[in-house]
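The sequence and the structure come first.

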Amino acid sequence: MADYQIINPFGGDLIEEYDFAGREAVDCAIDRLVEGRAVQAAMPAWQRSDILMRLSGLLREHADHLARLITAETGKTISDSRVEIERACNTALASAMEARAITGEALDSDAYPPQRERIGVVLWKPLGTVMCITPFNFPVNIAVHKIGPAFAAGNTILFKPGPQNKRSAEFLVDLCYRAGMDPGVLQMLIPDIPATSHAVAHPQVHAINFTGGTAAANAIAAAAGYKKLLFELGGNDPLIVMEDGDLEGAVHAAINQRFATAGQRCTAAKRVFVQRGVYEAFTARLLDATTSLKVGDPMDEETFVGPLIHTAAADEVHGRIADAVARGARVLSGHRREGNILWPTVIEDVPDDAPLVADETFGPVIPLRPFDTVDELVTLANDSPFGLQAGVFTRDLSLARSLFNRLDVGLLAVNDGPGFRAEHFPFGGVKESGVGREGVRYAIREMSFQKTLVI
Ligand SMILES: NC(=O)C1=CN([C@@H]2O[C@H](COP(=O)(O)OP(=O)(O)OC[C@H]3O[C@@H](n4cnc5c(N)ncnc54)[C@H](O)[C@@H]3O)[C@@H](O)[C@H]2O)C=CC1
Ligand SMILES: O=C(O)CS(=O)(=O)O
């Protein structure tokens, strides 16, 4: 039996089975990437930019095929997969634009005595070889968020997709080659865990650009030792509805940022805090919107909620809802399962220490939590090991600024949900949500170092 079987999460059919790459394959790929540094060193920025621009065009040209690959391997609805590819086109375009704009700075030494009539010219230079490790949930756009900036910065890239995503990853890499990336500059492998750790620890790998969960991040950090780590990890992101907030907008954000992608986003609205004065009105509107969502076949253009990635994931989320109910919570809608499909669920009275809300729950479930005062809200929202993004619906800008200062997150979206994402905005969290920032310009800097010439 092969090492890994790609199973369609909806139909359960076998898509492909394959053996993981071993240490020898890892060493061979890294040797090619060491040689490929000469290709990058000889390539001017405008050529890298043109290649990334061509990649954006090729992603758009093959959007339908890529979307279908994503849906078949992850169960993400075809409409969500199409949105992902549109975003990936923009991520590649932003990488192309930024590739031409990697500017440094010039410094004059006369800022402090003794004057020395010297000028410092500070430039950004590539780290060398970057290993990019990606999760299952946005297999193309998150990969382009790593490959694009790493390439723009002048690095060579070892790309390690999730084992589920072999086909979409292979197609993406083929588009990168067709756009003009040299195989000595980009190599893709899916090693087993020991061989992955071998790659992470390899002295010719200068940085690990990882998106995924805490457990994997801890293993990578242990194996990597002394090298640059860029970690985009989990979240338990709050969506906050104030009494003066736009309830329709808040419902729209809750639906689209918790039930879309079957809730499998690190920035999903995993906890919904509603000020008591509008709790009933908001809940009524949310339930109306939830019960009208189409659930089922992810290949159906009308489906809004498809299956989770695999049976274990569905077991975990379904089990956490049952646990919350056993602790006294009340299901207002959903809590129904067929195979890997969980119906969108709205639940209230969940104890604050229940795993459903205390841990990151990767599924289509909205736990509602009323609150009275802002101080109570801040305490509740910050009571998490994670700190990725937050969203607040309010018309009070002074309150928004206060929450921006008091919430332990990397981004606060006002009159939007925590799932707000713009490809060129800085992205990343605090606490256990990660280290460093993605977002194209910021990722370029994370995968570069500043080199100073004094003349
Ligand atoms: N902050 C962000 O941008 C995002 C964070 N995530 C987080 O990722 C998790 C869900 O995605 P999954 O793919 O299930 O995450 P995961 O952590 O299981 O896997 C992510 C990647 O790491 C690899 N991996 C797993 N164990 C490893 C190890 N010991 N050493 C090296 N690589 C290893 C996997 O093969 C995969 O390529 C959730 O925790 C979610 O919050 C997911 C998407 C975006
Ligand atoms: O929207 C995205 O960029 C994916 S995630 O929200 O970071 O999981």
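## Contacts and the main core

Two residues are in contact when they have heavy atoms within 4.5 Å of each other. The model is predicted. Leaving aside neighbours within four places in sequence, I147 is in contact with I157, F159, L172, C176, M181 and L186.

I147 belongs to the largest nonpolar core, which has 51 residues. Together with L55, L59, F159, L172 and M181, I147 is among the residues that touch the most other members of this core. Helix α4, residues 78-99, gives the most to this core, with eight residues. A second, separate core has 26 residues, including A253, V272, V278 and I341.

## Overall dimensions

The chain has 15 helices and 22 strands. Its radius of gyration is 23 Å, close to the 23 Å that the globule rule gives for 455 residues, so the chain is as compact as a globular protein of that length. Along the principal axes, the C-alpha atoms fill a box of roughly 65 × 65 × 40 Å.

Of the 455 residues, 56% count as buried. Among contacts in the chain with a separation of 6 or more, 72% come from residues 24 or more positions apart.

## Surface

The chain exposes about 18500 Å², and carbon and sulfur atoms supply 54% of that area.

A nonpolar patch on the surface is formed by M53, L93 and M97, which together have about 260 Å² of accessible area. M97 lies in helix α4.

## Backbone geometry

The peptide bond from P113 to P114 is cis, with omega near -10 degrees. P114 is placed in the loop between β3 (105-108) and β4 (119-126).

Positive phi values occur at T261 and at N415, neither of which is a glycine. For T261, phi is near 50 degrees; this residue sits in the loop between α9 (247-259) and β11 (271-275). T261 counts as buried because its relative accessibility is 11%, and the limit for buried is under 20%. For N415, phi is about 55 degrees, and the residue is found in the loop between β19 (411-414) and β20 (430-431). With a relative accessible area of 40%, N415 is partly exposed.

Notes. Residues numbered from 1 in each chain as written. Chains lettered and ligands numbered in written order. Predicted model: local features only at pLDDT ≥ 70, side-chain atom pairs only at ≥ 80, totals over all residues. Heavy atoms only, no water. Core = buried A, V, L, I, M, F, W, Y, C linked by side-chain atoms within 4.5 Å. Buried < 20%, exposed > 50% of the residue type's maximum accessible area, 1.4 Å probe, protein only. Helix = DSSP H or I, 4+ residues; strand = E, 2+ residues; numbered from the N terminus. Patch = residues over 30% accessible without salt bridge, like charges linked within 9 Å, V, L, I, M, F, W, Y side chains within 5 Å. Areas by Shrake-Rupley, 256 points an atom, 1.4 Å probe, with all protein chains shown as cover. Salt bridge = Lys/Arg side-chain N within 4 Å of Asp/Glu carboxyl O. Rg over C-alpha atoms; globule rule 2.2 N^0.38 Å.
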